[in-house]
Each structure stands twice: as C-alpha cells, then as structure tokens.
Amino acid sequence: MIAQVKGWCPAAWRPMAAGDGLLVRVRPAFGRLSAAQALGLATAAARFGSGAIDLTRRASLQLRGVAEANWRPLVETLVALDLVDPDPAIDAQAGLTVAPDWQEGDDTHRIAADLHARRSDWPALPAKFGFAVDAGRACRLADTPADLRVERSAEGGLMLRAEGQATGVALARGEEAAAAIDLARWFRDTGGDASRRMARHPVPLPGWARGGVQPARGGPLAAGPHPLGSLYGLPFGRMSAAALGTLVARHAATALRLTPWRLLLVEGAEGMPVPGFGLDPADPLLAADACVGAPACPQASVATRELARRLAPHVADLHVSGCAKGCARSGPAALVLTGRDGRFDLARAARAGDPPAETGLDAATLLARFGAC
Ligand code: SF4
C-alpha cells in the first residue's frame, strides 16, 4: 500500500496525498538536471501525473496530480533517470541545498560532493531537517530554510553555522562535511527529534560548534542573464511539463539548475523568451507569492493563484495564502490575503494568519478594491 501521509515532508518513495492527487518530491544531486533528465522528468510528469511541476523554496521539484496506480511506475522511471535514489531510506534523508551558482571543483561543489558521498554516515534526522552548502564569494542561501550551513565567512574562509545563530565556527579545508555531520549527530543525540528544527532546539551548542565567525553577506539571484546562462522565473514556482520541455529544447540546453527562489538556471542559455517563464526581475508576477490553494490543498478554503495573478500588477509585495499556514512565504508582505472559511482576511505588513485589518472579503471585492477588474 502506498504511504499517503498528510502533513509530512513528501518524498518520492513516501508521497503526500493532496487535493489533486499524490505529490512526489524529486531532489536531484547538486540541484542539477541534465537536459536528458529534465526531458525525462517532464515526460514522466505528464504521463503519470497532471503535468504540473512545482519548484520549492528548498530547490526541489514536486510532481503533482499522480494517481495511486501511477505512483510506482513514476518512481521507477525517476530511479532509472537517476533522479531518485533506489533506496527509500536514502531518498527520505535530510535535504542538501547547494548554492546554485557553484562551478565545477569550487568549494561549494567540493563540499556538497563530500557531503553527498557520505550520505550513509548521516544520522536519521527529522523530515524537514536540511543542510545548506553556500561557499561562494557571497552567501546566497541566508534566507533559504536549512538547519546546518557550511558557508563562506566574511573573512573569506569557510565556516559552520547552526540555524538560529548569527555566527559560527571556522572550518579547515577538507573537514567541512565531517563537521556538519558531527553537528547533525549531536542534534540527534541531544533530542533533536522532539525539536525537529535546529533553530528550535533548546540545548546549547557544543563548545566546538560555537564561535564568533560572521558569514559573508550576499543575497539571492534574480531572473535574467547570469555568467552560467540565464535565470528563468516561474510564477508562483509552477511550470507545466510542456513548458519545461520547451525550455530545454529551445535552448538545446545541456543542464538546468534548481534554485530556492523560483528560478531555473539554464546553463548556457542566452535568454530567449519561453512561454510560462519570466526573465524580467521586475515582473510583478515573479514578485508575488501564492500557495497552491484550493482545490489542490485540502487545508485551503479559497482559490489563490488566479486572484494573485490578477492582483499582482496592481499590488506591490503581495502574498495570497490559502490558509494561515503561509506555505508560500514565511516572512511578511506589504499586503497579505489569508483564506478563511471561503473568504479572505486582509492584513498589511504582515504574515499569513496575522491579525487582520479586514475580514470576510471575497475575490470580486478585492479585485475591485485594487483596480484589477
Ligand atoms: S498555506 Fe496554502 S498550501 Fe499551505 S497548507 Fe495552507 S492552503 Fe495549503
């Protein structure tokens, strides 16, 4: 019987039941898919699922709308494409997010490869626990969810930092992966299962993991040209299998890299427009956030994305959330609309679910209010 579990972090071998069918997560090694893997995944998403593919805030892919009878053939296809580990225990391990602008042989690539090769040494960790490797000149992943970070320090060295700490400890070259795994073991051994996330873990860090080293400043990448190719934005993190196929074919792309910012980095691409993707960092659709909403999410009582799509050109910094959980954005937005009992609560400079300024608004009222009719 398929493990259909609501509220878990989904995996390929442990899909989550959603309102539109099973949801199957795919986490390619180093966040990179060859063109053949991307085309194979697009074909499988259309054949075994609805063809809807989401790019998550942890730079993984989720294939949606998979019927129960199609789940095993889909996973077997993904294993054959080397996109899913054949061992369900390895596939379900903690996440490893890699700064997507790595280059072959640089520190980010070297450390991520070392961590990846040692996966059999990783302790069992809570479902949402994750490592981040972010060792370029500037830290890119500071706002990306992770629990243990191997980063570039402000002084230019390498460092290990536990989530929730502003600073960390310096690392010697070559010891980065081992140190991160040791700290993950410490987390597990000191009751991490109950805390679930490092930032909530009440036990003081061991002395060797405490230090005053500052991470280098940086920030996320933006849509448009990049030294490695072009970054294509996905409105609300969603693309269709057909659009993915077109993106790869139109560029004769060699590979794609996943980012945690709803952007795909197409290696070697020169920025040809492709329907379904945005290349303009000022595109309001790329700036707005909206979760999947109803009917795909059972927790939602409202549809979200069509409303967000229409409001986005009229509202700067918009978040439309199907419920108070706020999956699409954890931080505040200038305007947040939160679904509740089939209508919306409106709040300003707030997170989803924060105390609203207005309640009981329907979509038509909101469209009229912001001039989007
Ligand atoms: S925020 Fe959206 S996707 Fe998340 S649980 Fe609520 S309705 Fe579902």
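How many cavities of 30 Å³ or more does the structure hold? In this predicted model, the structure holds one such cavity, and the largest cavity has a volume of about 30 Å³.

The lining of the largest cavity is formed by L33, A38, L41, L61, M239, L244, L256, L258 and L264.

Helix α1 is built from 14 residues and spans 20 Å from its first C-alpha to its last, which is close to the 20 Å expected at 1.5 Å a residue. Its buried residues are A35, Q37, A38, G40, L41, A42, A44, A45 and F48, and two of the residues named here, A38 and L41, also belong to the lining of the largest cavity. As background, an α-helix has 3.6 residues a turn, so residues three or four places apart point the same way.

**Domains and the ligand**

The domain assignment divides the chain into domain 1 (16-86 + 221-267), domain 2 (102-209) and domain 3 (288-369). Between domain 2 and domain 3, the C-alpha centres are 34 Å apart.

Around the ligand stand C291, V292, C297, Q299, A300, S321, G322, C323, K325, G326 and C327. This shell divides into six nonpolar residues, four polar residues and one charged residue.

**Residues in loops**

Two residues other than glycine, F30 and A59, have a positive phi, and the table sets out their values together with their places in the chain.

| Residue | Phi | Loop | Relative accessible area |
|---|---|---|---|
| F30 | about 60° | between β2 (21-26) and β3 (32-34) | 22% |

F30, by contrast, counts as partly exposed because its relative accessibility is 22%, a value between the limits of 20% and 50%.

E155, which lies in the loop between β8 (148-152) and β9 (158-162), is exposed, with a relative accessible area of 65%. Although E155 and Q214 are 59 residues apart along the chain, their C-alpha atoms are separated by 8.0 Å.

Finally, the peptide bond that runs from A294 to P295 is cis, with omega near 5°, and P295 is located in the loop between β16 (289-290) and α9 (305-311).

How values were computed: Residues are numbered from 1 along each chain as its sequence is written. This is a predicted model: local features need pLDDT of at least 70, side-chain atom pairs count only at pLDDT 80 or more; totals for chains, interfaces and linings use all residues. Side-chain values use heavy atoms; hydrogens and water are left out. On a 1 Å grid over the protein atoms alone, a cavity is a set of points where a 1.4 Å probe fits but cannot get out, and a pocket is an open set with protein on both sides within 12 Å along at least five of seven lines; lining residues have an atom within 4 Å of a point. Grid points are joined across faces, edges and corners, and a volume is the space filled by probe spheres set on the points. A residue is near a molecule or strand if one of its heavy atoms lies within 4 Å of it. Ala, Val, Leu, Ile, Met, Phe, Trp, Tyr, Cys and Pro count as nonpolar, Asp, Glu, Lys and Arg as charged, and the others, Gly among them, as polar. Domain bounds come from an automatic or database domain assignment. Helices (H or I, at least four residues) and strands (E, at least two) are DSSP runs, numbered from the N terminus. The expected span of a helix is 1.5 Å times one less than its number of residues. Buried means under 20% relative accessible area, exposed over 50%, partly exposed in between (1.4 Å probe, protein chains only).
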